[in-house]
Amino acid sequence: MRALFATFALTALPPQAAAFRQDVKAFLKEHLPELAADVRARSWMGFDADFSRALARRGWVGITLPAQYGGAGLDAFSRFVLVEELLACGAPVSAHWIADRQSGPLILRYGSDAQRERYLPRICRGEAFFCIGMSEPNSGSDLASVATRAVPLPDGGWRLNGRKIWTTNADRCHYMLALVRTSGETGDRQKGLSQIIVDLSAPGVTVRPIRDLAGDAHFSEVAFDDVHLPADSLVGQEGAGWEQVNAELAFERSGPERLYSSVVLLDAWIAALRRLPCVQRDTVTIGQIMGRLAALRAMSLAVTARLAAGESPLVEAALVKDLGTTLEQSIGALTEAALGDDPELAADAELYRTAAYVSQISPTYSLRGGTREILRGMIARGLGLR
C-alpha cells in the first residue's frame, strides 16, 4: 500500500496553468448566463451545444490536442484548471465532454493519420460530439463480456450487430466510440475486442433515450442491426481494444469531474448558511467536507501529472474515482440531513430543489465510469491482494 500511495506525489499547478485560470473566469463571466443552482447542479450532464461551441472558438474544446488539428496544444494541467472552473460554476459542458476528455486523445494516440485529420479538427470546432459505447444489456459491470460484434466484410468494411446501454447523450451525439468483439467468442473475455467509430446517423442504428428518476434523459440504449461501417472505422489494432479502452478509462476516472459533481450543492448550502445564524454543527460538517475535498484534489493533480508524462495510472485513477464519488455522494446525504434538522435552512427553496436533484442523481456517481466493486477489485490487484 505504501508503494501505491507513493505514486501520489504532491503536485503544484505550473505557473502557466495557474495564470490560465483568470482567462477561464473571464470567459465564464461573459458567456455563462445566470441560472438557478438546481439547473447548474447538472453541469457536466447539462447539454448546450452553443456553449460548447463558444468554448471551441477559444480553442478550449480539444484543449490538449495539437494546434495542427485545431486544438490549443495546452497540457493536462491547463485542462484540469478549465474543468475545475467549469464545474465550480455549473457550466453546461456535456455536449463536448466525452470528445474532449477521452475520444479525441484516444484517436490522437491510436488512430490513423486519416482518422486524426477527419475527426480531431471537428472535435476542436465543437462540430463532432462523441459518446462511449461500453456497457451492454445483461452484462452488468462485466465489460469483458462484450457481445456486440463487428464482422469484417469482403469490401474491407464491417457489419455491426448488438446493443449498448447507459450511453450518455447518444441521442444528441454524432459518433460513438464503441468497444466491440471482432474475433472469438464472448467466453474469450478480453481477447478479440476492438474499438470502432460508429456514425450514429448510419442506417440500422436506433437510439432509445432512457428517462431517469430526476426526469432527465441523459442515457440511451443503442441498437445496431446490420450496420455497415467503412474499413477505417477501426481505431488502433484489431484485437487491442481492451488495452486501448483501459487507457481511455484512466482519463475518465481521475479528473475533477470525479470530485465536483455535488460542488454546486455544497456552494448553495454554504450560501444559505451565510444568510442564517451560524449553526456550529453545519460549520464542522462543511469543514470536514472541505478537508476531504482538498486531499482528493491533491490526489487528482498527482494523477494528472502522471497522465501529462504519458503514463497510464489505472490503479491510481481508480482510487481517486472511488474516493471521489464517495465524497460526492456524501455531500448530498449530509445536506439532506442538515435540511431535516433546520426548518429555516429547509425553507430556502433553491437549496431544497438542488438537494432534491442531487439526491436523485447521486446513486449514479458510483456507477458511471466503473462501479465501486469493479474499482475496488482493481485497487486490490494493484496492492497485490488479489
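Predicted model: local features only at pLDDT ≥ 70, side-chain atom pairs only at ≥ 80, totals over all residues.
Residues are numbered from 1 along each chain as its sequence is written, and side-chain values use heavy atoms, with hydrogens and water left out.

The largest cavity holds about 70 Å³, a volume being the space filled by probe spheres set on grid points that are joined across faces, edges and corners. Its lining (residues with an atom within 4 Å of a point) consists of Ala41, Arg42, Ser43, Trp44, Met45, Ser261, Tyr357, Ile361, Tyr365 and Arg368. Six of these lining residues are nonpolar, two polar and two charged; Ala, Val, Leu, Ile, Met, Phe, Trp, Tyr, Cys and Pro count as nonpolar, Asp, Glu, Lys and Arg as charged, and the others, Gly among them, as polar. Two residues of the lining, Arg42 and Tyr357, also meet as charge and ring: Arg42 lies over the face of Tyr357, 3.9 Å from the ring centre. For that label, NZ of Lys or CZ of Arg must be within 6 Å of the ring centre and within 35 degrees of the ring normal. Elsewhere, Arg79 puts its charged end over the ring of Trp97, at 5.6 Å from the centre.

Arg368 turns up again in the largest pocket, where Ser135, Leu367, Arg368, Gly369 and Gly370 lie nearest the centre among 47 lining residues. A pocket is an open set of points with protein on both sides within 12 Å along at least five of seven lines. This one has about 1,200 Å³ of space, and its lining splits into 19 nonpolar, 15 polar and 13 charged residues. At least two lining residues come from each of α6 (94-110), β1, α8 (241-254) and α14 (372-382). Helices (H or I, at least four residues) and strands (E, at least two) are DSSP runs, numbered from the N terminus.

From β1, step across to β4. Strand β1 (residues 130-133) pairs with β4 in the parallel sense over four bridges, pairing being called if DSSP finds at least two bridges between strands. Cys131 has Met176 as its bridge partner in β4. β4 also pairs with strand β5 (residues 193-199), this time antiparallel over seven bridges, and Val180 stands opposite Ser194 there. How well is β4 covered? Seven of its seven residues are buried, meaning under 20% relative accessible area with a 1.4 Å probe, protein chains only. Tyr175, Leu177, Leu179 and Arg181 make up one covered side, with Met176, Ala178 and Val180 on the other.

Now for the rings: there are eight aromatic pairs in the whole structure, counted for Phe, Tyr and Trp (its six-membered ring) with centres within 6.5 Å. One is Tyr119 with Tyr175, edge-to-face (planes over 60 degrees apart) at 5.2 Å centre to centre and 85° between the planes. The pair bridges 56 residues of chain, from helix α7 (residues 113-124) to strand β4 (residues 175-181). Phe20, Phe27, Phe51 and Trp60 are joined by ring pairs into a cluster.

Notes. 1 Å grid on protein atoms, 1.4 Å probe; cavity = no way out; pocket = protein on both sides within 12 Å on 5 of 7 lines; lining within 4 Å. Phe/Tyr/Trp six-rings, centres within 6.5 Å; stacked < 30°, edge-to-face > 60°. Buried < 20%, exposed > 50% of the residue type's maximum accessible area, 1.4 Å probe, protein only.
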